[in-house]
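Good morning, and thank you for coming.

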Amino acid sequence: MNSPLRIEEDGVAAEQVWSVVTAMVGELRQRVPRMLGFPANLAWDASAAHSLLSMLINNAGDPSEHDDSGNDVKSFERAVLSWFTGIAGGDRDTYGYVTASGSEGILFGLFVARHRFPRAPVYLSADAHYSVRKAATILRMETVTVPCRDDGTMDPSALARLCRRHRDARGGRPGDGAVVVATIGTVMRGAVDDLPALREAALAAGGVHLHADAALGGLVAAFCHPEPAWNLAHGADSVSVSGHKLLGCPVPCGVVLTPRRYLPPAPTGQYLGAPDHTLGCSRSGLAAALLWCRLREAGTRGVRETVHRCRRTAAYATEALAAAGAHPERFPGALTVTFDRPGPRTCATWHLATQGDRAHLVAMPHVTPQAVDALCADLRGS
Ligand SMILES: *Cc1c(COP(=O)(O)O)cnc(C)c1O
């Protein structure tokens, strides 16, 4: 085997390594204009921040705590968390950290929830992200699937019925509680679950922990008028958001937030000299610093304008797809547009995500009206 990727006994000159990497990135970048189906912003180029790659930057342990290692950028992380806390309706009591992904944020939310209600099942909608199930499996929590309404949101009356059934199966005593995972922007349809209605519905179970999985849709909802209920101020007990989706951080990451009083007791990291409530120990200082670069450069206004521009592209795509006879559907305010699933060649060309007889595109910042027109031309031709 003579692949340039094979790692051998003898190393090679660094230039040889970088030329392979440069060629690979060039190939990836060529695909970007046709990447319509997945919810990640591929338009932010952070290569000017390359000095961050010149050494290991490790934000081990809680972001609020000084640790003894000295090679952290927790001050950047705290600035990022402070911005997200404001956007997500938190306050001085809000704890949070920069996670490795939206999914780690879900796992952390359920971890906190199980500490509050150790015997409560996890109620999730049929359209929830599969990471919710994975997190429940890791934590050995029972799951109950709640059907969706026609618009793709979790059905509150079905949730109430299932909570009552669970309570009645235990002799009618409330007390186990309910852990409910609401999705703010479902994967396939961009639907936003109704937080207040879900909390009300789950009360039959006793105590409720409501986690908002807002991986993509949190920052979309935050800049919507009127703003749908999605965050801590609107009744969520924990919220997780992805950092690489709408914001386009070039390293997968996320943010999770919850009131400090809900945190399970944490060990003090032995060699850190700092308390550590996070799920790991070492965490990416690179991701935290890049998120800071992104937010500091754009400002809140820049993020808002990006969301508005994406929403205009989604509206444009809905009209164009209707004219092409593809029966588009779009949840109000969403960046996701579903339509009739085209043939496999068109799906592959445009990197479309599909489910059953439907496909979707997500109007991320790199998705242009010209690309939408070209997709529609393909649909007409196939
Ligand atoms: C993308 C997504 C996730 C998973 O987030 P990652 O950052 O990819 O781990 C979870 N839930 C929803 C609704 C998502 O869109």
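The count comes to two cavities of 30 Å³ or more, a cavity being a set of points on a 1 Å grid over the protein atoms alone where a 1.4 Å probe fits but cannot get out. The model is predicted: local features need pLDDT of at least 70, side-chain atom pairs count only at pLDDT 80 or more, and totals for chains, interfaces and linings use all residues. Residues are numbered from 1 along each chain as its sequence is written, and side-chain values use heavy atoms, with hydrogens and water left out.

The largest cavity holds about 40 Å³ of space, a volume being the space filled by probe spheres set on the points, which are joined across faces, edges and corners. Its lining has 10 residues, and closest to the centre are His166, Arg167, Arg173, Asp176 and Ala205. Lining residues have an atom within 4 Å of a point. By class, three are nonpolar, three polar and four charged.

What is the class make-up of the lining of the second largest cavity? That lining has eight nonpolar, no polar and no charged residues. Among them are Phe84, Trp230 and Leu257. The second largest cavity has about 30 Å³ of space.

Finally, the surface. Valine 12 is exposed, because its relative accessible area is 52% and exposed means over 50% (1.4 Å probe, protein chains only). Valine 12 is found in the segment before helix 1 (14–31), helices being DSSP runs of H or I with at least four residues, numbered from the N terminus.

Notes
1 Å grid on protein atoms, 1.4 Å probe; cavity = no way out; pocket = protein on both sides within 12 Å on 5 of 7 lines; lining within 4 Å. Nonpolar A, V, L, I, M, F, W, Y, C, P; charged D, E, K, R; others polar. Helix = DSSP H or I, 4+ residues; strand = E, 2+ residues; numbered from the N terminus. Buried < 20%, exposed > 50% of the residue type's maximum accessible area, 1.4 Å probe, protein only.
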